[in-house]
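Visitor: Hi, I'm new to reading protein structures. Could you walk me through this one?

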Amino acid sequence: MDFTLYLVRHGQYDNPENIYPFLLPVTLSRAGREHIGRVAHWFSRNTVPKTQIITSPVVRTVQTAEIIAASLHSMVTVDSRLIETQYSQLQGVTMPEHDPFGTFYEQAKMESYASMQQRMVAIWEEKKSMGRDCILISHGDPLTLLYYHITQKVLPSSIRNVEDSVQKGEVIVVHYINNTLHTVKRI
């Protein structure tokens with residue numbers, strides 16, 4: 001049985017106040033919508049119509065999912081396991097101009113990498129066991145942790161700004177043949 005699972009990070013969002021948004025309802029920017037429109041066009045050329053789409057409940061991911069769903073005539077399902085990293089202490093706080101993801105960020109009380117990876121792997125394994133194409137739309141940290149799991153890379157002590165972090169609007173294509181990982185491509 002051949003199938004493909006896709007990881008998609010939401011597009012660029014509006015953040016004029018330069019805050020840490022996390023779970024706040026920030027919306028995709030015009031550039032973000034345009035980029036995701038191009039991603040949706042790619043999906044319409046490279047996947048089957050009505051491919052299952054599952055997204056985080058956060059506004060920017062739901063908007064991303066809806067743009068892709070429109071091109072595939074798919075329904076969007078929300079799953080809270082795909083939610084953004086939870087940093088309640090920083091949510092809504094203005095980012096420092098210098099090094100917003102440095103010491104200040106790293107010292108904040110956050111959901112652990114282990115917890116994030118565990119919830120992402122749970123949904124991944126569930127969808128993989130179904131053996132059907134599926135698009136999972138989430139956020140940078142959770143997707144990066146899942147990518148490290150899929151590719152069996154060792155996690156660094158911090159995933160902020162690592163070379164392999166999943167970028168806004170990026171698609172990772174994970175293809176299985178006979179339930180065995182065949183290829184992982186970044187689009």
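Guide: Helices (H or I, at least four residues) and strands (E, at least two) are themselves DSSP runs, numbered from the N terminus. This is a predicted model, where local features need pLDDT of at least 70 and side-chain atom pairs count only at pLDDT 80 or more, while totals for chains, interfaces and linings use all residues. Residues are numbered from 1 along each chain as its sequence is written, and side-chain values use heavy atoms, with hydrogens and water left out.

Visitor: OK, pairing. How many bridges join E1 to E4, and do they run parallel or antiparallel?

Guide: There are five bridges, and E1 and E4 run parallel.

Visitor: What does E4 do on its other pairing, with E2?

Guide: E2 and E4 run parallel too, joined by four bridges. There, Ile54 stands opposite Leu136 in E4.

Visitor: So what's the order of strands in the sheet?

Guide: The order is E3-E2-E4-E1-E5-E6, six strands in an open sheet with mixed pairing. Strand E3 (76–78) and E6 are the edge strands, each pairing on one side only. From one strand to the next, the twist averages 20 degrees; angles here run from 0 to 180 degrees between N-to-C directions, and axes are lines fitted to C-alpha atoms, for helices over the stretch in contact.

Visitor: Where does the antiparallel part come in?

Guide: Look at E5 and strand E6 (residues 180–186), which pair in the antiparallel sense over six bridges. Val173 has Lys185 in E6 as its bridge partner. E5 and E6 make a hairpin with two residues between them, and Asn178 in the turn has a positive phi of about 50 degrees.

Visitor: Why do they point in two directions?

Guide: In a regular strand the side chains alternate between the two faces of the sheet.

Visitor: And the edges? How exposed is Val78?

Guide: Val78 is in strand E3, and it counts as partly exposed at 48% relative accessibility. Leaving aside neighbours within four places in sequence, Val78 is in contact with Thr55, Ser56 and Pro57; contact means heavy atoms within 4.5 Å.

Visitor: What about Thr183?

Guide: Thr183 is in strand E6 and is partly exposed, with a relative accessible area of 31%. Not counting residues up to four places away in sequence, Thr183 touches Val173, Val174 and His175. Thr183 and Thr4 are 179 residues apart in sequence, yet 9.5 Å apart in space, C-alpha to C-alpha.

Visitor: Let's switch to helices. Which strands does H1 lie across?

Guide: H1 lies across E1, E4 and E5, and runs at about 175 degrees to E1. The axes of helix H1 (residues 30–46) and helix H2 (residues 59–72) come within 8 Å and cross at roughly 35 degrees. The residues in that contact of H1 with H2 divide into seven nonpolar, four polar and one charged. For those labels, Ala, Val, Leu, Ile, Met, Phe, Trp, Tyr, Cys and Pro count as nonpolar, Asp, Glu, Lys and Arg as charged, and the others, Gly among them, as polar.

Visitor: Which residues of H1 meet H2?

Guide: Among them are Ile36, Val39 and Phe43 in H1, and the H2 side includes Ile67, Ile68 and Leu72.

Visitor: Is H5 largely enclosed or largely open, and why?

Guide: H5 is largely enclosed by the rest of the structure, because 10 of its 12 residues are buried. The buried ones include Leu143, Leu145, Leu146 and Tyr147. Just after H5, Gln152 takes a positive phi of about 60 degrees.

Visitor: Last one: what covers the buried residues of H4?

Guide: The cover includes strand E1 (2–9), strand E2 (52–55), strand E4 (134–138), helix H5 (140–151) and strand E5 (171–177). Among the buried residues of H4 are Tyr113, Met116 and Trp124. H4 is followed by Gly131, whose phi is positive, near 70 degrees.

Key: Buried < 20%, exposed > 50% of the residue type's maximum accessible area, 1.4 Å probe, protein only. Pairing = 2+ DSSP bridges.
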